[in-house]
Amino acid sequence: PYKQWYLKKYGVDLGKKGKKGGKEGAQKEAEEPEKKSRHVIFKLKAREAKQKLDPAVEEQFQSGRLLACVSSRPGQCGRCDGYVLEGEELTFYKRKLEKKKKA
């Protein structure tokens, strides 16, 4: 759901990998172009210009696995709230995982 929301909000596909994914994605877009009003196109361009994504987070999206922190309380049934790790918190947990793999 987050990748879909991000695509709709910023017009950037998070799961694309370099040049290989670009060719396949371009073919899909050429087959089924989504009609957008002029206002929506300008809005997406403005958002895309402001949009900055941490390279570490982008790398995680491309690999298909994200590090996230679950913030819901124990006893929640059928629901899991949380947030995607980024910045210093992400680097901290990445180092922890690397140490664990080496040991």
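Tyr93 is partly exposed, because its relative accessibility is 38%. The cut-offs are under 20% relative accessible area for buried, over 50% for exposed, and partly exposed in between, with a 1.4 Å probe and protein chains only. Phe92 is also partly exposed, at a relative accessible area of 36%.

This is a predicted model, in which local features need pLDDT of at least 70, side-chain atom pairs count only at pLDDT 80 or more, and totals for chains, interfaces and linings use all residues. Residues are numbered from 1 along each chain as its sequence is written, and side-chain values use heavy atoms, with hydrogens and water left out.

Now the rings. A pair of aromatic rings is described by the distance of the centres and the angle of the planes. Here, rings of Phe, Tyr and Trp (its six-membered ring) pair if their centres lie within 6.5 Å; planes under 30 degrees apart are stacked, over 60 edge-to-face, and the rest tilted. The whole structure holds 4 aromatic pairs. One of them joins Tyr6 and Tyr10: the centres are 4.7 Å apart and the planes stand at 40 degrees, so this pair is tilted. Tyr6 and Tyr10 lie 4 residues apart in helix H1, about one helical turn. Tyr6 is buried, with a relative accessible area of 4%. Phe92 and Tyr93 make an edge-to-face pair, 5.1 Å centre to centre with 80 degrees between the planes. Trp5, Tyr6 and Tyr10 belong to one aromatic cluster.

Step back to the fold. The protein has 5 helices and 2 strands. From the N terminus, the order is α-α-α-α-β-β-α. Helices (H or I, at least four residues) and strands (E, at least two) are DSSP runs, numbered from the N terminus. Of the 103 residues, 14% count as buried. Contact means heavy atoms within 4.5 Å. Among contacts between residues at least 6 apart in sequence, 50% join residues at least 24 apart.

Next, a helix crossing. The axes of H1 (residues 2-10) and H3 (residues 38-50) come within 7 Å and cross at roughly 110 degrees. Axes are lines fitted to C-alpha atoms, for helices over the stretch in contact, and angles run from 0 to 180 degrees between N-to-C directions. H1 and H3 are therefore roughly perpendicular. Lys8, Lys9 and Tyr10 in H1 meet Leu44, Arg47 and Glu48 in H3. That contact has 2 nonpolar residues, no polar ones and 4 charged. Ala, Val, Leu, Ile, Met, Phe, Trp, Tyr, Cys and Pro count as nonpolar, Asp, Glu, Lys and Arg as charged, and the others, Gly among them, as polar.

The largest nonpolar core has 8 residues: Tyr6, Val12, Leu14, Ala56, Val57, Phe61, Leu85 and Leu90. H4 gives the largest share of this core, 3 residues. Such a core is a set of buried Ala, Val, Leu, Ile, Met, Phe, Trp, Tyr and Cys residues joined through side-chain atoms within 4.5 Å. Beyond four places in sequence, Val57 touches Leu66, Leu85, Glu86 and Leu90.

Two further buried residues deserve a look. Gln60 sits in helix H4 (residues 55-63). Gln60 is buried, at 6% relative accessibility. Leaving aside neighbours within four places in sequence, the contacts of Gln60 include Leu85, Leu90 and Lys94. Ser72 lies in the loop between strand S1 (68-70) and strand S2 (82-84). Ser72 is buried as well, with a relative accessible area of 19%. Not counting residues up to four places away in sequence, Ser72 touches Arg79, Cys80 and Asp81.

Conventions
Angles under 35 degrees count as roughly parallel, over 145 as roughly antiparallel, 65 to 115 as roughly perpendicular and the rest as oblique.
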